[in-house]
Amino acid sequence: MAGKRASSTAWVLPPLKLLPGTAFLVLFLVVPIALLLVISFWRSSFGGVKVDWTLVNYERLLSRPIYLELMIKSTRIAFTATVLTILVAFPFAWWIASKPPRRRAQLVFLVLIPFWTSYVVRTFAWIPLLGNNGVINYVLLRLGIVSEPLNIFLFNQFTVHLGLLYVYLPYAILPILLSLERLDRNLVYAAADLGATPFQQLRRIIIPLSMPGILGGTILVFILSISAYVTPALLGGTSGIMIANVIPDLFGVGMNWPLGAAVSLLLIVVTIAWIWLIGSRVGLRRIFVEG
Amino acid sequence: MIHRPVRFSLLGLHAAAILVFLYLPVVTIAVLSFNDSTAFALPWQGFTTRWYARAIANPALLEAFRNSVLLGVGTGTAAMILGTAMALAFRVPFWGKSLVLGLILLPVMTPPIVHGVALAMFWRLNDVPLSLYGSAFVGHLSFVMPFVFLTIFPRIHRFDRSIEEAAMDLGASRIATFWRITFPLMRPGIIASGVLAFTLSFDEFMRTLFLTSQELTLPLFLWSMVNNDPSPQSTAVATLIALFSLGCLAVWTRFASR
C-alpha cells in the first residue's frame, strides 16, 4: 500500500527536515569515502600525497602477497565467525521468543547488557581467562587434567573466532529475535497439526519467516568481523592478524596513504559484495526498517 | 507433541550455555579486579580495592572519563535532534526516499575502520587538525545518527496522525502542534534514542582511534593501558566502564519500555 502511494506522489520534494542530517552524512561519510577512492589513484609523497594519477598502489596491492593473503584470510575468518554466530544465535533467540512476555523482557535485558558494554572491555575480558596463567589453565592444573599450562587458548585464529563470536553474538540475537517475535505462532501450530515434523516446521515455516532478522544479523556480523581490529590485535597474536591490523600503519608510521586507501577500498569492495549477495535475497529495506 | 519436551530441554540447555558464555568473561574480570595479586590471574590472594583506588587516583583516567561523557552528551544531543527530524520527514512520501534511506543506512554498513580512516584523510587534506570535539565529534555523530533514526522511525510509523490533524483543525499552528502534541507523545522514544546514542558514542573506539590527537576517551585509555601496562588496574578500569554502560542501559530501559 505504501508503495502505491509513493508512486502516485513520486514527484513530491523531500521535506526540509531531512536536509541537515542527510547533508551531514553526505559531507562526512560519502565525500570522505569518495576521497579515499581518489587518493588510492594518487602517489605517496613525504608526509602526505601528491596529485599524480597512477595505478601503482593497486599494482603493489596485487603484487605484494601480504595484503591479498590477509584479505582472503579475513574474509574466511569473518565468514566462519558469521555462520557460527547465526547458528548459535538462532536457537537461543527461538528459546527467548517462546517465553511469556515478562520472562522474555528479562531475557532480552540479559542480552542487551553485553550489547551495551564496550567491545574493548569485552574482548580484553578474555585475556585473563585464556592466558598461560589464565583462569582456565589454573582450573585445569588444579584439577590435575594437565601438568603444564596449555598455551593453545590465546593468540591464534581459534581465539579470534571465539572473540568475534562473543563480541558480535548480540548483534545476531537481537534482529533474529525481532523477526521471531513477529512470527505468528499459529502458523507453526497449524503446520504441526497437519503433521509437519519439528524439522519441517523449522525449515518450511520458521526459518523462511524470520529471514529478515537472520540476514540482518548476517550482514552486521560479517561487516564488523571482516574489519575487526581490536579482536585480532588483543587475542590473535601474530597468526591471528587480520586486514584491519595493517591499515593503521599505512596511515601512521609507514605513511603510505594511497596504499592505505587502496587496502581500505579492497575491504569496502568485499563488504559491498557481501551486502549485495545477502541483501538481494530480501531487500535491505525489509531487513533494517521493517525486519 | 511427543517431540516437544526433548526439544525444549535441549534448547534450554543451549540457552543456559549461551548465557554462561556471555557473562563468564565479564564476571571474571570483575572478580579479578578485586584480587590482591599483581597478576590478573588466579589464585585468589585475598580481597582488595586497591586497584580501584589506584585507578580513581589516576588523573589521566578522570580526564578520559570526562572527555567520554562530554563527547557522548554532545553526540547524543545532536544525533537525537537530527535523527528525529529525519524520522519525522519519513512520514510522508517523497522523491528519492529509498535513496535517502540507503544514505542513512550507509554508516551502519561501513566498516568502522574505513569510516575512521576516510574521515582522518578528509581532515588532513583540508589541513584541519584532529581534535576530540571537532573531528572525533563529527565521526561519532555521523555513525550514531542512523541509530536514532532506526529506533524512532518504527515508533513514528505507528503514530496516529489524526491527533495532529485534529490539533491543526482546531487552529494550532504547525509549530504549536509539534511542541504540544507530537513531541510529548514521542518524548520517551526520543529520550531512549538519545541515551542509546550517548552509549554508542561513549563506547566508540575504532573511529576515535583515528580521529583524536592527544585527548583520550575511556575506551582509548583502556586500550593504551592494556597494550602498554597490563596491570590488574586495567581490570578495575574495564569493570568501571562496564558498570557505567549498565547504568546507561538501566536509564534507557525506563524510557524505551514506555
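1. Starting with chain A, its secondary structure comes to 16 helices and two strands. Helices here are DSSP runs of H or I with at least four residues, strands are runs of E with at least two, and both are numbered from the N terminus. The C-alpha trace of chain A spans about 75 × 70 × 35 Å along its principal axes.

2. A word on what you're looking at: this is a predicted model, where local features need pLDDT of at least 70 and side-chain atom pairs count only at pLDDT 80 or more, while totals for chains, interfaces and linings use all residues. Residues are numbered from 1 along each chain as its sequence is written, and chains are lettered from A and ligands numbered from 1 in the order in which they are written.

3. Of the 291 residues in chain A, 44% are buried (20 or more other C-beta atoms within 10 Å of the residue's own; 12 or fewer is exposed, in between is partly exposed; C-beta atoms are placed from the backbone).

4. Neighbours within four places in sequence aside, A:A93 is in contact with A:I173, A:I176, A:L177 and A:L180 (contact means backbone-placed C-beta atoms within 7 Å).

5. Where the chains meet, 73 residues come from chain A and 76 residues from chain B. On the chain B side, α1(B) supplies the largest share, 14 residues. By class, that side has 59 nonpolar, 14 polar and three charged residues. Nonpolar covers Ala, Val, Leu, Ile, Met, Phe, Trp, Tyr, Cys and Pro; charged covers Asp, Glu, Lys and Arg; the others, Gly among them, are polar.

6. One helix pair to look at: α2 (residues 19-39) of chain A packs on α3(B) at about 115 degrees, with axes 8 Å apart. So α2(A) is roughly perpendicular to α3(B) (65 to 115 degrees). A:P20, A:G21 and A:F24 meet B:L82, B:G83, B:A85 and B:M86 there.

7. A:F155 counts as buried because it has 21 C-beta neighbours inside 10 Å; B:D127, with 6, counts as exposed.

How values were computed
Two residues are in contact if their C-beta atoms, placed from the backbone, lie within 7 Å. Axes are lines fitted to C-alpha atoms, for helices over the stretch in contact, and angles run from 0 to 180 degrees between N-to-C directions. Angles under 35 degrees count as roughly parallel, over 145 as roughly antiparallel, 65 to 115 as roughly perpendicular and the rest as oblique.
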